[in-house]
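Trainee: Could we go through this model together? I would like to begin with the interface.

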Amino acid sequence: VTDLTAVDRALIQHRCVHSRGLGASPGNPGAAPPRLPFSRVTQEDLAFFRTLLPGRTITDPDLLKSSNVDWLKTVEGNSEVLLRPKTTEEVSQILRYCNERNLAVCPQGGNTGLVGGSVPVFDEIILSTSLMKQVITFDNISGILTCQAGCVLENLSNYLEERDFIMPLDLGAKGSCHIGGNVSTNAGGLRLLRYGSLRGTVLGLEVVLADGRILNCLATLRKDNTGYDLKQLFIGSEGTLGVITAVSILCPRKPKAVNVAFLGCSSFQQLLETFQCCRGMLGEILSAFEFLDASCMSLLEKHLKLTNPITESPFYIVIETAGSNATHDEEKLHKFLEEVMTSSLVTDGTVATEATKIKALWSLRERVTEALTHEGYTYKYDISLPVEKIYDLVQDMRGHLGDMAKNVVGYGHVGDGNLHLNITSPSKDPALLAAIEPYVYEWTSKWKGSISAEHGLGLKKRNYIYYSKPSEAVALMGSIKAMLDPKGILNPYKTLPDNIH
Amino acid sequence: MSARVLVGVKRVIDYAVKIRVKPDRTGVVTDGVKHSMNPFCEIAVEEAVKLKEKKLVKEVVAVSCGPQQVQETIRTALAMGADRGIHVEVSGKDYETLGPLQVSKIFAALAKKEQADLIILGKQAIDDDCNQTGQMTAALLDWPQGTFASEVTLEADKLKVVREIDGGLETIKINLPAVVTADLRLNTPRYATLPNIMKAKKKKITNVKPADLGVDVSSRLEVLKVEKLKEAGRI
């Protein structure tokens, strides 16, 4: 356990204070910095885009509005141009032109990101993948799917399920998010526990670089050790190193038997012991282990009128098993449930094997984010911690904030050591924000956690990177950015801290 | 109240499954396909269990007709609160051709044998959409029927039933013994909780054959063909 040293603290302060201009300040490192000297869009630029993308160059402010605001409605840009290319070639021509003209570009998929990374900060041109939604190939022996970056995750899931496969990732935003966006942010989600991260399941990428060069690394090979693995640079780079235009991804077979158990625990310690028992008794069939606390359940009941299927408990667990043999899985699951019930690790629970009931139980976990939006302004923190420490952060935060916050709730991928800490107040409250940050980041850093487990840094968290990465690492990231995007036109003001130059 | 309730629970292809017609067009594919309790039967079980919790009836007996697999469906009813189960064994060709007429004869025979005071069934099954078993059972027993029930109240030895009909809601009062069929808005079925799932394992399911009840399950209907509806359009 190491505290941030006085030197580290000074370094962070220095960088914040001396970052260019007035926007980001020690009190508010998440705010936008001043606009960098990119060119502004002219009539000639519009003429070029309109010729390249007839009918797909949007300048109507009403149509632009929803693309200028993030899903949480917490950040808003002023872009005047939204471009909708259909092909990689069009993306290449757009970027080549913008690079020459020094026009900033904000790549945008489903716009479901939670850190303000998917919308413009100022007048960046929005480059949308919404019309790049073709499946290119699918091989049902290897399970390798190749598709354009604008395919909606749920549509890909439906396509694959008809062919007896599934996507290796699943998240609450599946109805809107694009696979290109998922890859650019290295999205985690509910199935990571079982199928691993996109860094393992993505086999190849096609990326357009800042100067328009097309990098075709769309391999569909499970194993290929020839040279540096460039795709890993782009996965998780949040659109700052290149625009992903196509993805090839390894898909698992659709499980024949899926079961979901919804359990109640009276303490976090018992929840952790249930997890250990679960790992031991369910082993290879375990596909998800999620938790939510009692505060989350009250919000679901209050705002979304969902019913708690079991008796009220301080903690709730969602366990999913997925396997190829229903009888085998049910037997294992029932033995496990008997064990945790008789040993009182679990106080109540229910099980579902039918699709409609399974959806209903999952919605209790997947819709917490939605329920929170009805409480006013939400401060969202996506933290990775050693699994035993996860709920300590929620409790410490409650104590620390007292009456200043209306709700302090915890939920998330406890199986992956990932907490979603959410705090609400009726409206945006700078005093509350000052009490939360940097307390939450220092707490996380103290336990060597990550200040952004899966949501990424985007706009809101870019200046906090030093809490989880050493300065040498961040400096090297800056060099790579400078090499791939010397003019800095790709998604500026995001991901890397303001004073990277 | 010493009343005994019989509840029918049918095992059907799960509501969320995409149905595939067999290539020979004699029926739909059921092998390896997810099955579950007919949603209207769940509502029927819930209503019966609620009556028991209010101490208005003494015993809830869950009944299902079919092969070995229907025992799962009976177990689900037991986990929701039914006291015991009866598995009427019907398999093979007889099961494929089993329909409302034969099932209602079985229920009528069981009602007499078990001295039931009330039979609650789902209004229809989501696989055949027949909506006949409840009505036929009442006719065979010469009992009153309260069908499409969205509310059921026991008042001494009479049953007040609010029925969902085209024009609105119709309230009727019928004598016991009676047959009630459950409609969607009658109640919201409970989740079977783990303690009850454990208890259910110990509850009894008795096996009985249609012949023991004096029922002939042969069918007078012949299915000529089963076809998929023409697709209206592609997404």
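Trainee: What is the count of salt bridges between chain B and chain A?

Mentor: The count is two salt bridges, a salt bridge being a side-chain nitrogen of Lys or Arg within 4 Å of a carboxyl oxygen of Asp or Glu. Please note that this is a predicted model, in which local features need pLDDT of at least 70 and side-chain atom pairs count only at pLDDT 80 or more, while totals for chains, interfaces and linings use all residues. Residues are numbered from 1 along each chain as its sequence is written, chains are lettered from A and ligands numbered from 1 in the order in which they are written, and side-chain values use heavy atoms, with hydrogens and water left out.

Trainee: How far apart are the closest N and O atoms of Glu338(A) and Lys201(B)?

Mentor: They are 3.6 Å apart, and the pair forms a salt bridge.

Trainee: Which helix of chain B gives the most to the side that touches chain A?

Mentor: Helix α6 of chain B, residues 194-200, does, with four residues. Helices here are DSSP runs (H or I, at least four residues), and strands likewise (E, at least two), numbered from the N terminus.

Trainee: What area is buried between chain B and chain A?

Mentor: About 1,500 Å², with carbon and sulfur atoms giving 63% of it. Buried area is the accessible area (1.4 Å probe) that two parts lose on being put together, summed over both. On the chain B side, Tyr191(B), Leu194(B) and Met198(B) lose the most area to chain A, together 42% of what that side buries.

Trainee: How many residues does each chain bring to the contact?

Mentor: Chain B brings 15 residues and chain A brings 19, where contact means heavy atoms within 4.5 Å.

Trainee: Changing topic, where is Ala210(A) found?

Mentor: Ala210(A) lies in the loop between β7 (202-208) and β8 (214-217) of chain A.

Trainee: Why does Ala210(A) count as buried?

Mentor: Because its relative accessibility is 1%; buried means under 20% relative accessible area, exposed over 50%, and partly exposed in between (1.4 Å probe, protein chains only).

Trainee: Which residues does Ala210(A) touch?

Mentor: Leaving aside residues up to four places away in sequence, Ala210(A) touches Leu95(A), Asn99(A), Leu484(A), Asp485(A), Ile489(A) and Leu490(A).

Trainee: And how far is Ala210(A) from Val183(A) in space?

Mentor: The two are 18 Å apart, C-alpha to C-alpha, and 27 residues apart in sequence.
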